[in-house]
Amino acid sequence: MSNEPESKKQPGLRATQKAATGQAVLEAAREEFERVGFEAANLRAIAARAGVSAGTVLHHYGDKRELLHAALFDDLEETLRSALAGIGPGSLETQLSELTRAVFGYYQRRPKLSRTLLKESLFADEPWAQKFTGQVGMVHGAIARLAEEASARGELRPGVDGALFGAAYFSFFYFALISWVQGGHGAPVAMVERLISQHLEGLRPIQKVPRRRDR
């Protein structure tokens with residue numbers, strides 16, 4: 001039996017319970033936003049889904065928009081970190097395909113929420129704008145490193161600008177994401193993969209053609 005005073009145990013227990021309640025509210029919010037959309041969702045329904053009072057939701061996250069931002073950021077952060085950690089060995093094209101499929105898998109599981117995520121992450125107010133920008137920066141840095149590693153092993157031309165390549169990837173990714181969200185393209189992952197494949201062709205090492213000897 002622990003000799004630790006009860007007074008020292010309680011703060012840790014309260015913190016654990018508060019964190020669990022916060023996560024339950026976030027998951028309930030994601031489900032409700034996906035079910036009815038952000039505008040139609042209300043805090044009472046979210047609270048009921050989480051098994052808490054509306055006052056508890058307000059205590060943790062303030063208003064509905066703050067709750068939305070917290071729910072989106074938390075969910076996307078976990079998805080992005082898991083996607084980056086899951087990138088295995090292989091060609092740069094294969095690695096980027098793994099990343100694209102993992103992230104789009106998240107969007108495709110919750111299409112209504114994805115529309116909201118796209119709007120809110122791109123045009124959020126502070127401090128959320130900076131937080132969402134930080135997420136993009138995290139992925140951009142990882143892609144830049146992958147491109148530079150591909151260049152170092154001879155898969156791409158020497159001196160390929162990894163940061164510029166990362167920006168190109170994001171332009172392809174967001175183009176496909178916006179097209180899919182608007183209903184204009186049903187296979188966004190395949191679109192990104194084709195765009196990346198075409199882009200990489202221009203970055204491959206130049207193959208020297210052997211000179212023919214005169215006979």
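Student: What share of the span of residues 42-61 is helix, and what share is strand?
Tutor: The span is 80% helix and 0% strand, and its end C-alpha atoms lie 13 Å apart. Helices here are DSSP runs of H or I with at least four residues, strands are E runs of at least two, and both are numbered from the N terminus. In the unreviewed UniProt entry, residues 42-61 carry the annotation "DNA-binding region". UniProt positions follow the numbering used here, feature names are shortened, and annotations may be inferred rather than shown by experiment.

Student: What kind of model are we reading?
Tutor: It is a predicted model, where local features need pLDDT of at least 70 and side-chain atom pairs count only at pLDDT 80 or more, while totals for chains, interfaces and linings use all residues. Residues are numbered from 1 along each chain as its sequence is written, and side-chain values use heavy atoms, with hydrogens and water left out.

Student: How many helices and strands does the protein chain have?
Tutor: There are nine helices and zero strands. Along the sequence the pattern reads α-α-α-α-α-α-α-α-α. The radius of gyration is 23 Å, well over the 17 Å that the globule rule gives for 215 residues, so the protein chain is more spread out than a compact globule. That radius is taken over C-alpha atoms, and the rule is 2.2 Å times the number of residues to the power 0.38. Along the principal axes, the C-alpha atoms fill a box of roughly 95 × 50 × 30 Å.

Student: What describes two packed helices?
Tutor: The angle between their axes and the distance between the axes. Axes are lines fitted to C-alpha atoms, for helices over the stretch in contact, and angles run from 0 to 180 degrees between N-to-C directions. The cut-offs are under 35 degrees for roughly parallel, over 145 for roughly antiparallel, 65 to 115 for roughly perpendicular, and oblique for the rest.

Student: Which residues of helix 5 and helix 7 meet?
Tutor: Leu92, Gln95, Leu96 and Leu99 in helix 5 meet Val139, Ile143, Leu146, Ala147 and Ala150 in helix 7. Contact means heavy atoms within 4.5 Å. By class, this contact of helix 5 with helix 7 has eight nonpolar, one polar and no charged residues. Ala, Val, Leu, Ile, Met, Phe, Trp, Tyr, Cys and Pro count as nonpolar, Asp, Glu, Lys and Arg as charged, and the others, Gly among them, as polar.

Student: At what angle do helix 7 and helix 8 pack?
Tutor: At about 120 degrees, with their axes 8 Å apart. Helix 7 and helix 8 are therefore oblique to each other. Their contact includes His140 and Glu148 of helix 7 and Phe165 and Tyr174 of helix 8. The classes in this contact of helix 7 with helix 8 are 11 nonpolar, three polar and one charged.

Student: Which residues of helix 6 meet helix 8?
Tutor: Pro111, Ser114, Arg115 and Leu118 do, and their partners in helix 8 include Tyr174 and Trp180. The axes of helix 6 (residues 111-123) and helix 8 (residues 162-181) come within 10 Å and cross at roughly 130 degrees. Helix 6 and helix 8 are therefore oblique.

Student: Where is Pro127?
Tutor: In the loop between helix 6 and helix 7. The peptide bond from Glu126 to Pro127 is cis, with omega near 5 degrees.

Student: Which residues does UniProt list for "transmembrane region"?
Tutor: The unreviewed entry lists residues 163-181. This span is 100% helix and 0% strand, with its end C-alpha atoms 27 Å apart.
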